[in-house]
Amino acid sequence: MTSFKEKYLFQNVEAAPLAVFRILFGLMMFVSIVRFWSYGWIEKLYVQPQFFFSYYGFEWVKPLGDYTYLIFFVCGFSALMVAIGYKYRIAMVLFFVSFTYIELMDKTTYLNHYYFISVVSFLMLFLPANAYFSVDARQHPKKAFKYVPVWMINSLKLLLGIVYVYAGLAKLNSDWLVKGMPLKIWLPSKFDTPLLGNLVQTEWAPYAFSWLGTGYDLFIPFLLLYRRTRIVAFVAVVVFHVLTRVLFPIGMFSYIMIVSTLIFFDARVHHKILGFFTKMLRLSKTLDGVGATWRPKNSFKMAYVVLIGFFALQVLVPFRYLCYPGELFWTEEGYRFSWRVMLVEKSGYAQFKIVNGDSGKWFYVDNSDFLTPFQEKQMAFQADFILEYAHYLKQHFEKQGHAQVEVYVDNQVALNGRLSTTFVDPAVNLAAQKESFAHKNWIIPFKDEIKGL
């Protein structure tokens, strides 16, 4: 009888699925960078603003003015190198570093799928995805392998499974399942959507979409794993993500998730995909490589430790919110990097007051003098944004000659259709508060209850 370790970790399987994943991932990333550049978003988001919100511990990561375009060029070019499997290791390192740097430049642009791309690219640093059907395999036969340990493919499946299951667990809350929030707020703006307009106008649509979305996230990885339900599950993946893309402005995420789930299919399907690329591009079959089975070098043992730690973090980090008191959707302490996708609709108002601690003289700040409209919108309902901006205002006005600068805020926030209430204690001098991983006790407690995980 085959042991668990042999079946799911070290059994040799064909490398074709890794090759397809590499090609499609690289192409999707290249298209994403070109799309981002062509829409003028580099200029709008990373060149024009005078202030950028930083992740705690990564305050040193900032846009580089006009040189920011160079970072995007490196990212796009390295993605193309990954796709064709040329200098794969170097290309993968360049892509991971450049993309993650872009992600960290301004917290305002945080999206779950940016984080997903970073963690996938980190994982791919350890996978010989260039061992088959690549330029590297053709130029260096010693790097060509037809078989790899099954853990390399299963690791990608596991990562996708974590994303889906955690997204489903996050939906097990009363706002989503019982109140149909925030879909009840979002769907009315889609009444004119072709074919779907009449459907989303019904009273039951937000609840049906909420429940179906929860079931989809919780069970789709398992349905993809099971051969008898795999085809039906993949059709569900395509339908779900296409509908999501039509109804909501989530960019390339839907397409990325669709092509990523191909990893669940066996090698026969991937050979057909590679055959399509061979025929379309008139490639030589020698790109397939003729090597035998990939074997780890002694130096790779440390990689196993890193990967175990990596997956431990993926499992544990989404639960870090349990370390904080209060309602997660309100405080958002432990909210990011936990696959909580499209669960809240928040809006806020934040009026900052600069006070001279000695004389008591004060004045209000016009946020548009320092922030873009998008930055101001995101800042107004997130506590770490508010604190960082308050510190920036303190430094700014001290440089202008103001003494004993104190910063206070009149801040109102609305969550999932509720009336706006005070979010930050207006009596707290934010300039005296320090950023840390500790609970921000100057957040006013949530005045309602959301039941769930």
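View 1. Helices here are DSSP runs of H or I with at least four residues, strands are E runs of at least two, and both are numbered from the N terminus. This is a predicted model, in which local features need pLDDT of at least 70 and side-chain atom pairs count only at pLDDT 80 or more, while totals for chains, interfaces and linings use all residues. Residues are numbered from 1 along each chain as its sequence is written, and side-chain values use heavy atoms, with hydrogens and water left out. Arg89 gathers with Lys87, Lys143 and Lys297 in a surface patch of positive charge. A patch takes residues with over 30% relative accessible area and no salt bridge, joining like charges within 9 Å and nonpolar side chains (Val, Leu, Ile, Met, Phe, Trp, Tyr) within 5 Å. Lys and Arg count as positive and Asp and Glu as negative, with His and the chain ends not counted; each charge is placed at NZ of Lys, CZ of Arg, CG of Asp or CD of Glu. With a relative accessible area of 36%, Arg89 is partly exposed. Buried means under 20%, exposed means over 50%, and partly exposed is in between (1.4 Å probe, protein chains only). The areas themselves come from the Shrake-Rupley method with that 1.4 Å probe, and for residues only the protein chains shown count as cover.

**View 2. Asp217 and Lys171 pair up in a salt bridge, at 2.7 Å from N to O.** Asp217 belongs to helix 12 (residues 205–225), while Lys171 is in the loop between helix 8 (150–170) and helix 9 (174–177), so the pair links distant parts of the chain, 46 residues apart. Both Asp217 and Lys171 are buried. The cut-off for a salt bridge is a side-chain nitrogen of Lys or Arg within 4 Å of a carboxyl oxygen of Asp or Glu. That rule gives 11 salt bridges.

**View 3. Arg418 forms salt bridges with Asp175 and with Asp448.** For Arg418 and Asp175, the N to O distance is 2.8 Å. These two come from distant parts of the chain, 243 residues apart: Arg418 is in the loop between strand 5 (405–415) and strand 6 (421–422), and Asp175 is in helix 9. Arg418 is buried at 17% relative accessible area, and Asp175 is buried at 0%. In the pair with Asp448, the closest N and O atoms are 2.8 Å apart. Why does Asp448 count as partly exposed? Because its relative accessibility is 39%. Elsewhere, salt bridges with shared partners tie Lys107, Arg336, Asp384 and Glu388 into one network.

**View 4. Ser260 is buried, with a relative accessible area of 3%.** Its place is in helix 14, residues 253–260. Setting aside neighbours within four places in sequence, Ser260 is in contact with Phe21, Phe116 and Leu160, where contact means heavy atoms within 4.5 Å.

**View 5. Six residues make a nonpolar surface patch of about 680 Å²: Trp37, Leu64, Tyr67, Leu70, Phe73 and Phe77.** Which helix gives the most to the nonpolar patch? Helix 4 (residues 68–84) does, with three residues. Phe77 is found in helix 4 and counts as partly exposed, at 46% relative accessibility.

**View 6. The peptide bond from Met181 to Pro182 is cis.** Its omega is near 5°. Look for Pro182 in the loop between helix 9 and helix 10 (183–186).

**View 7. Phe337 has a positive phi, and Trp339 has a positive phi as well.** Phi is near 60° for Phe337, a residue other than glycine. For Trp339, also not a glycine, phi is near 60°. Phe337 is in the loop between helix 17 (328–331) and strand 3 (346–356), and Trp339 is found in the loop between helix 17 and strand 3 too. Trp339 is buried, with a relative accessible area of 1%.

**View 8. Ala403 is in the loop between helix 19 (383–399) and strand 5.** Ala403 counts as partly exposed, at 40% relative accessibility. Leaving out neighbours within four places in sequence, its contacts are Asn356 and Gly357. The C-alpha atoms of Ala403 and Phe36 are separated by 43 Å, with the two residues 367 apart along the chain.
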